[in-house]
Amino acid sequence: MQHQTVQGLISKPDLLTVEDAKVMSLPRMTEIFTKHLNPGQLHFMKLLGFHKVKIERADGMYYYDQNGRAILDFFGGFGSLAFGHNHPRIVEARKKFQDEKRQEIAIAFMSQYASALAYNLAACSPGDLDMVFLGSSGSEAMEAAIKVAERAAGPKKPKIVYAENSFHGKTKGVLSITDGQLYRGDFKLVDNTVRVPFGDIDAIENAFRSDPEIGVIVLETIQGGGGIIQAPNEFWQKLRALCDQYGVLWVADEVQCGFGRSGRFYAFEHAGVVPDVTALAKSLGGGKAAVGAMIARREVYMKAYGTPKTAMIHAMATFGGIGEACATSIEAINILYDDHLIDNAATTGDYLLQRLEELKAKYPAMIKDVRGKGLMVGLEFHDFSKTVPVVLRPVLAVLDDKLKGSLPGFIGSHLLRDHGVLVAFTEYNRNVVRLEPPLICGRDHVDDFIKALNEVLSRGIVRIVKDFVKAQVK
């Protein structure tokens, strides 16, 4: 709180400095997190033991904690760290930008950095995806995507199709096409939406045929929050044909699966088709900046915003196209190709899937499925009742829904505590461990991860649970 002094000047509150933040203790961090950030989230961090870790630095594939312990990052910030932590070329590009005192916010003028980034994104995009909107997050990029599509579709076709178990962001517009009740809460959302099962081309065709007001369909090419769920190439090819037939615009959400993660720049490229609008974010910022982008076909964009009268309806916000963020993304895209990281995502991803399949064969009572593409992989565990001896299954089966996510949580906790390995989880199918390591990941990193996971699984379900309970008591 600010206070007036006798002289009329505003006195400085009791503020923390950057140096104070750097040396802050874990108890003080916990106190502030509870008072000023998210006490509910802290509950889950404590449950998994993540609250005991203070990250001091990060480099490449690793975090380093307060004890100097290296933590292998197979979480990757939900796909935000394609280049690992503090990639030297990205750090140098940002430092040079700062040293030269380049402009950050230049709203009144054209920006050479925003222009170059838009050019690069168009160059990387297939077909006539070449009109770019720059923002600061995946949610903002997806907001831009549905707005340009809705305007181009026109007032006679205002309805938007979305999929079960979809996740497109937490801002209010895209929350209306995000399927999770956890996120939707009790917010009043737009109601011009139609929900279909993901990957069900017959359901989509029936919706298109029965409702001429449908003008847009929005789908993640690979569902992340849904548990790393894919549709076959034939689905996307038929979808493209149906959209053309019924005059529906296809928006492909590539915020998490795009930017090389699947082994192609865009995951939809595996099917040899091109959407009308797409969106990127996450690793587009090189792990050092918050950058999102919508890329649309020129015909779609111009139909929505192509005249002087309509050009400013959805122009970039204050921080869209900010200088250093654009410079970071420009360097990141160049590194993606210079270091052949898209190819590495494909080959190392195949190796990771192969090694996980070996573990699935070794532990069939625990591992239900292994799936994914490139370095976007889902490891699904059985419901708890399926992992115990047959005589106990009927007793535990009634608790399966309540216990969903417990086994992945126990395993994730043990991986971090005992082996210094970090993994992630999924929103809808809580039995899935999500693996999205940086695209710099090598076979040696995969081997280290598999070795750690094998050690944890080899304990068996009873000991895994006992060890977890013991850790909570300490």
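How many salt bridges are counted between domain 1 and domain 2? In this predicted model the count is zero, although 17 residue pairs, both at pLDDT 80 or more, are in polar contact between the two domains.

The domain assignment of the chain gives domain 1 as residues 55-86 together with 341-473, and domain 2 as residues 89-338. The C-alpha centres of these two domains lie 29 Å apart, and their contact takes 30 residues from domain 1 and 37 residues from domain 2. Between them, domain 1 and domain 2 bury about 2,700 Å², with 60% of that area on carbon and sulfur atoms. Of the area that domain 1 buries against domain 2, F83, M376 and Y428 supply 31%, which is more than any other three residues. The elements giving two or more residues to this side of domain 1 are α4 (76-79), α14 (341-362), β13 (367-373), β14 (376-381) and β17 (432-435), and α14 gives the most, with four residues.

Leaving aside residues up to four places away in sequence, L121 touches V132, L134, L280, L284, A293, I295 and I333.

The C-alpha atoms of A116 and A327 are separated by 8.6 Å, while the two residues are 211 residues apart along the chain.

Methods:
Residues numbered from 1 in each chain as written. Predicted model: local features only at pLDDT ≥ 70, side-chain atom pairs only at ≥ 80, totals over all residues. Heavy atoms only, no water. Contact = heavy atoms within 4.5 Å. Domains from an automatic or database assignment. Buried area = accessible area lost by both parts, 1.4 Å probe. Salt bridge = Lys/Arg side-chain N within 4 Å of Asp/Glu carboxyl O. Polar contact = N/O pair within 3.5 Å; in protein donor to acceptor, adjacent residues only side chain to side chain.
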